[in-house]
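Work through the exercises below with the structure open beside you. Try each task yourself before reading its solution.

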Amino acid sequence: MTGSSAQGLLISESDWNNAVSKKLVIVESPAKAKTIGSYLGPDYIVESSVGHIRDIPSKKSELPPSKQDKWKKTRFGIDIDNDFKPMYIVSDGSRKQVRLLKQTLKEVDELLLATDEDREGEAIAWHLLEELKPKVPVQRMVFHEITKKAIEEAAANPRDLDVPLVQAQETRRILDRLFGFELSPVLWRRVRRGLSAGRVQSPATRILVERERERMAYITSIYASLKATLSADGTEFPSSLRSVDGVRIASGSDFDENGELRKERRALTVDDATALASGLSGSEFTVTAVERKPYTRKPYAPFRTSTLQQEAGRKLKFGARRTMRAAQALYESGFITYMRTDSTNLSATAVDAARTLVADRYGSNFLPDEPRVYGKAAKGAQEAHEAIRPAGDRFREMDDAAGEFGPTSDAARLYELIWMRTVASQMKDAKGESLAVTINAETLDGESCEFRSTGRTITFQGFLRAYVEGSDDPEAASDDQETPLPPLAENDRPHLIALDPSEHETKPPARYTEASLVKRLEELGIGRPSTYASIIATILDREYAFKQGSALVPTWRAFGVIGLLEQFFPDYVDYDFTARMEEDLDRIASGDEEMVPYLKQFYLGNGTQGLVDRVSPEVLEQIDPAAVNSFPIGDDPDGVPIVARSGQYGPYLQRGEDRASIPPDMPPADLTIERALELLAAPKDEALLGKDPETGLDVYRKNGRYGWYIQLGERTDDHKPKMASVFKSMEPADVNLETALKLLTIPRELGPHPEDGEPVIAKNGPHGPYVNWGKENRSIEEEEQLLTITLEEAVEVLKQPRRRRGAKPPLKELGTDPATGKDIVVKDGRFGPYMTDGETNVSLRASETIDNLTLENAANRLAEKRAQGPKKKR
C-alpha cells in the first residue's frame, strides 16, 4: 500500500474500551446497512459506501484539471518511478455519497469500517480511510454472517486494519491495470480495435480455446454394441455384451482422440453385432458369476464459492454471475454466511444447528455419532471464512426465504440448495449393495459370448434423504438412482427376451459450461472465489465466447487473441505462471512478500524481461496481423487452401479471392471442410460495386448484423467509412452503383426551414424514415421518399401533429420465465433485437441469433440484468 495514513488513525484495544457513545458504521451496500442497522442500537449510525468509492482513472480527462499535469508522469495512472504509486479519483457515482459520509462523520466520535473481511473489503475500508480522512478513532469491524449476535460481537471486538491484505489487493489492481493497458493496444493493432487482454481473463479464455481445438482435431470412431434383454422371476433386466471368445468388446471410452483403440479390444461393426445377435437367438444364457460389494456414499462437503456456482449451474441452470447476485442478496438479508470463501469448514455453532435439524426432521438414526469435519480442498485456498451455510445458531426455514424474496425467486431457490447441502453434510452415509452378474451364452458357430449386468440397491438413504448432487454429464446416473437386479445365483438360466445391436459414435470432449470452467479454474489455481463470476462475465461480454445451451463456445476472435498471446507472450497465458502470480499475491497478503519489489520484478524485470520490455515496438513489428487472424480449415478438391479469418465485421472464410461470411453462432469445431465448401458455394450478394466519382473511393454492398448496407471506402485507423442502409423494399442483389450512390446521400439536407433557417434533413432511423428540423421529427410513409421528398413537402409534414407508433409484434416468443412467471419475448428495437419480460430488457450479443436463443439463456441474462439494478446516471 502506498501513501497510507491508516496506521496513525487506528486505536488500541484499551483505548477502545473507553469509547464514547456515537459511532458511524460504514458497509458496502444499502441493503447490508439496513439489516445491520436493525441490530445495532441508537448509538450507531449505519451508512453504506455503495461499493468502491475510488479507482485508478483510465484516461487523463477523468482527472480534475488541477491534477491533469501529473498524468503524463504516470504509466496509465501508475507512477512507476515513485514505487508504483497509483493515482486515485472518486468515481462520479460516489461523490454524492462521499460528501454524505464526510458530513455524517462530523456528528460522531468513532468510525467503524464494516466492509467484507476479504482482500477487496479490506481495500474498500482503506480507500474510505484515505478519502474521508477522519479525525476520530477508527477500527475495523468484521463478521462472516449478518445476524444480531454476530453483529453485536463484531462491534464489541473490533480489530486494526490488515495492511498486508490491503497491499495484496492494491498489487492485484496495479497488476491488472498494467497488464491490461500494456497488452490490449497490441491486440487493437494486430487483431481488432476494442479488444482486451486480462491477467486472469486471458488464461481462462485459453482453456475454452484449447478445448475447441481438441474438438476440431478429434477423429470420430464408429463402433457397435449388443444389448440383451433378459428375464428372471418375471423381472426384465438389461445385460451388455462384454467379450467374445475372451476378447473384450470396445466401448466409446476405449478410443483415443485419433480414433485408435487404447487397449487390445475388438471393435464391433453393426454387421458384426447383428450377426452375433442372430447366432445367439436360440441360445441358452447361464449365470456364471455373481459379485456383491457393499456400497457407501459419504455426504458432500458444505458449499464453498466454486462448488456453489457449479451446483447452481447444474441444478438451477444459473450462470456464475446470477448465482453470486442471489447469494449476495441472501447474505445481506442475514440468511447465509459470507459467500466468497474457499473453506468447507463449519463452525461449532453451525454443526450444532445442523445436527439438531437432522435429529428433529429426519430422526436420530440419520445422525452420525460424531460431527463431521471438512477441510479445505481448493488449490491455493486462502480466504479466511467458513463454508457457505445458513446463518445463525438456528437455521431459518426455506419458507422464510420464499416469503422474503418470493417462492420462485433466485434467492429463495438458492437458499433451499444451501440449506439442504449444509444439513446433509451432517448426516450419515448412504448404504447399499452393488451387484455385478456375469452371464455366458454360445452362438450357433461356437463363439463364447460373455454378458455383464450391473445393479445397485440402496438399503439406507442416509444423507440422500436431504440432498443429491447434480452432474456435469446429463447422461450420468445420480447418486440416489437405484438399478435393482432380480435375485440371481450361479447356474441360473434367465430367459432371453430380445437382442438389440446398436451403432454408436464416439464423442469429442465436452465443451466447458460455466460450472465446469469454474471447477477447472479452481483446479489450476487461477483466480480466487471472488473473481470466478467476473472472469466468466468478462469473457461473455467481450464476446470471446458465446453460449450454446449451457456450453461456452469460444469465438474466432478468441482464437486470434489467444493465438497471438501464445506465440508472443506465452507466459501471460501459461496456467502455472498465472497460478504462481495468485500465490505471490497470497504471500503479500500474509506479509511474507513485499509489494513494491514484486511489482518492479513483474513490470521492469530483474535479470529477466519485464512486461514493459515484452510490449516494445520491436516485438509489435514481429506480429503479422494476417497470420494471427487466419486459421486453416483445409484444402478444396483442387488443392486450394481455405482459411477462416477473424475480421472487423465478423468471421469469414477465404479461398483465394473468394469469401463467405461464417454464421456468428457456428462453433469453430463445427466448421468442417464440407461445411466451408457449402458456405463458399452459397449465392453471395456482397460485392464491390465500383468507385464513387466524387471521392474515388470504392463502394461496397455488404451484409452486417443488422442487415444489408452500403459502405464508402475501407475502414482504417484514419478513416471511418460512411455507411447507408439498403431499403427494406430493395433486393440486395439489385442494388447497383447508381442506387448505392443515392443511398449514400442519406441523411439528405433539403434546405433551410422558412421559419428560422435551420436545416431540414431527411433521415433513416431505427423506427423508419423521417424528416428532422431541430428538435422536431415526423415520420414519412416510405423509405423511397428519402430520395425524392422536397423541402416544401417536408415542411408540410412537419406541420402535422405527432403520431404514436403502434407496438410491433414480437420476433419470437421464448416462453415463461420460471423465476418471475413472466413471458419472455424477442423484439426488434432501436439498436437491434432484444429480449424482454415486459420490464427488463437485454440486447442480443453478436453471437446470439433469434433462432438459437433459448428460454434458459434468456432467463439467465434477464436475471443478471435485474440484479444489477437501475443504471446510474452519469
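**Exercise 1.** In this predicted model, find what the side chains of Asp55 and Arg173 form together, and explain why the pair ties together parts that are apart in sequence.

*Solution.* Begin with the atoms: the side chains of Asp55 and Arg173 meet in a salt bridge, with an N to O distance of 3.0 Å, and the cut-off for such a bridge is 4 Å. Next, place each residue: Asp55 belongs to strand β3 (residues 54-55) and Arg173 to helix α6 (residues 163-190), so the bridge ties together parts that are 118 residues apart in sequence.

**Exercise 2.** Are Lys32 and Glu28 buried or exposed, and how many salt bridges does the model have by the distance rule?

*Solution.* First look at the pair, whose side chains meet in a salt bridge of 2.7 Å from N to O. Lys32 is buried, and Glu28 is buried too, where buried means under 20% relative accessible area. Then turn to the whole model, for which the count comes to 51 salt bridges. Salt bridges can also be linked in a network, as they are for Arg172, Asp176, Arg199 and Glu582.

**Exercise 3.** Determine how helix α10 and helix α13 are oriented towards each other, and list the residues through which they meet.

*Solution.* The axes of α10 (residues 320-332) and α13 (residues 410-424) come within 9 Å and cross at roughly 85°. An angle from 65 to 115 degrees counts as roughly perpendicular, and α10 is therefore roughly perpendicular to α13. On the side of α10, the residues in the contact are Arg322, Thr323, Ala326, Ala327 and Leu330, and they meet Asp410, Ala411, Arg413, Leu414, Tyr415 and Ile418 in α13. Sorted by class, the residues of this contact of α10 with α13 comprise seven nonpolar, one polar and three charged.

**Exercise 4.** Carry out the analysis for helix α7 and helix α16, starting from the angle at which they pack.

*Solution.* Helix α7 (residues 201-217) and helix α16 (residues 556-568) pack at an angle of about 110°, and their axes are 9 Å apart. It follows that α7 and α16 are roughly perpendicular to each other. Among the residues that meet are Val209 and Met216 in α7 and Trp556 and Phe559 in α16. By class, the contact of α7 with α16 has seven nonpolar, three polar and five charged residues.

**Exercise 5.** Which residues touch the most other members of the largest nonpolar core, and what is Leu564 in contact with beyond its sequence neighbours?

*Solution.* The largest nonpolar core has 160 residues, of which Ile336, Leu414, Leu564, Phe569, Leu653 and Leu671 touch the most other members. Helix α6 gives the most to this core, with ten residues. If the neighbours of Leu564 within four places in sequence are set aside, Leu564 is in contact with Val186, Leu187, Arg190, Val191, Phe569, Ile623 and Val628.

**Exercise 6.** Examine the backbone at Lys317, Glu543 and Pro747, and say where each residue lies.

*Solution.* Lys317 is not a glycine, yet its phi is positive, near 65°; Lys317 sits in the loop between α9 (305-316) and α10, and is partly exposed with a relative accessible area of 41%. Glu543, which is not a glycine either, has a positive phi of about 60°; Glu543 lies in the loop between α15 (532-541) and β16 (545-548), and counts as buried at 18% relative accessibility. For Pro747, look at the peptide bond from Ile746, which is cis with omega near 5°; Pro747 is found in the loop between α23 (737-743) and β26 (748-752).

Notes
Residues numbered from 1 in each chain as written. Predicted model: local features only at pLDDT ≥ 70, side-chain atom pairs only at ≥ 80, totals over all residues. Heavy atoms only, no water. Axes fitted to C-alpha atoms, helices over the stretch in contact; angles between N-to-C directions. Helix = DSSP H or I, 4+ residues; strand = E, 2+ residues; numbered from the N terminus. Parallel < 35°, antiparallel > 145°, perpendicular 65-115°, else oblique. Contact = heavy atoms within 4.5 Å. Nonpolar A, V, L, I, M, F, W, Y, C, P; charged D, E, K, R; others polar. Buried < 20%, exposed > 50% of the residue type's maximum accessible area, 1.4 Å probe, protein only. Core = buried A, V, L, I, M, F, W, Y, C linked by side-chain atoms within 4.5 Å.
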